[in-house]
Amino acid sequence: MKHRPRKRFGQNFLHDQQVIDRIIASIAPQPGELILEIGPGQAALTNPLVASGADLHVLEIDRDLVARLQHQFQHTGNITVHACDALQVDFSDISGNRPFRLIGNLPYNISTPLIFHLLGWHDLIIDMHFMLQKEVVDRMASGPGSKAYGRLSVMTQFRCNITPLFDVPPESFTPAPRVSSSIVRLQPLKARPFDVGSDKNLERVVAAAFSQRRKTLRNSLRNLLSTEQLLAAGIDPGQRAEQLSLSQFATLARALPYDAD
Ligand code: SAM
């Protein structure tokens, strides 16, 4: 029987073979390497990943699809199917504490919380290739002065190298989503690019600065830092959040009283 796509699990299945080939070529999976795929669905990416000889673990939340995958791959040695919610899972358990690569055509509603959940295991993650909403990839990759530059850009750029790879149109999926998608490569950084003192303070200052992005820092940060403190840190209180570089956000985080992570 045909599987009916479930909206609540963000099921838009890839059917465009050219796009599938291009994604796999970008990942270049190697025999024996440990790869985790989130949301294998109907195996559009899983089939070529299995064929590469990689040691593949797939995590799927939909029990009907899990049953299908288990049946389809019952005689295949290099794939393990996990029935689980990727937002709840402990990735050191799944990987057995071995370094791994991550792949996912992610449900759009959980993509950003999932990426930040995953970064809890940044020491083990070699790289991640995700299909995301194009707008999300644009926001992750943009820099100061651009409209798309915001909290997601700063928080992602403090944690990862970001390489947007290519766009995928809605027609490549069944059912077609309403928005365009993009493939992005994220490589977790071993250390923050600038000293932030405490990650909590970075989060706090970035959230406050962008919560009212049209306001000057003097106003948007008034509950955290005084005009005098901004000046003492070498930051112009008349600037807006969207004009600040990563190193300036790091300076602001260090100016706050220390808050242990
Ligand atoms: N990889 C397939 C493809 O490219 O055609 C399916 C992609 S579909 C956009 C997203 C997949 O993620 C679905 O199979 C869905 O059931 C699964 N999924 C949704 N939420 C999940 C979660 N929290 N944990 C694991 N899988 C999830």
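Student: What volume does the second largest pocket have?
Tutor: About 350 Å³. A pocket here is an open set of 1 Å grid points over the protein atoms alone where a 1.4 Å probe fits, with protein on both sides within 12 Å along at least five of seven lines. The volume is the space filled by probe spheres set on the points. This is a predicted model, where local features need pLDDT of at least 70, side-chain atom pairs need 80 or more, and totals for chains, interfaces and linings use all residues. Residues are numbered from 1 along each chain as its sequence is written, and side-chain values use heavy atoms, without hydrogens or water.

Student: Which residues lie nearest the centre of that second largest pocket?
Tutor: Lys-7, Asn-12, Tyr-108, Pro-177 and Arg-178, out of 14 lining residues (an atom within 4 Å of a point). By class, the lining has 6 nonpolar, 4 polar and 4 charged residues, with Gly counted as polar and Tyr and Pro as nonpolar.

Student: OK, and where does the ligand sit?
Tutor: In the largest pocket, meaning more than half of its atoms lie within 2 Å of the grid points. The largest pocket has a volume of about 480 Å³. Its lining takes in 32 residues, with Phe-9, Gly-10, Gly-39, Asn-105 and Pro-107 closest to the centre. The lining splits into 20 nonpolar, 8 polar and 4 charged residues.

Student: How many residues surround the ligand itself?
Tutor: 22, going by a heavy atom within 4 Å. The closest are Leu-14, Gly-39, Glu-60, Asp-85 and Asn-105. That shell has 12 nonpolar, 6 polar and 4 charged residues.

Student: Which strands supply at least two residues of that shell?
Tutor: S1 (13-14) and S3 (55-60) each do. For the lining of the largest pocket, S1, S2 (34-38) and S3 each supply at least two residues. Strands are DSSP E runs of at least two residues, and helices are H or I runs of at least four.

Student: What's 2.5 Å from an oxygen atom of the ligand?
Tutor: An N or O atom in the side chain of Glu-60. On the backbone side, an N or O atom of Ala-86 is 2.9 Å from a ligand nitrogen, and one of Pro-40 is 3.4 Å from a ligand nitrogen.

Student: Switching to geometry: which residues does a cis peptide bond join?
Tutor: Thr-174 and Pro-175, with omega about -10°. Pro-175 is in the loop between strands S8 (173-174) and S9 (181-188).

Student: And what's the phi of Ala-28?
Tutor: Positive, about 50°, although Ala-28 is not a glycine. Ala-28 is in the loop between helix H1 (17-27) and S2.

Key: A polar contact is a pair of N or O atoms within 3.5 Å; within protein, one must be able to donate a hydrogen and the other to accept it, and residues adjacent in sequence count only if both atoms are side-chain atoms.
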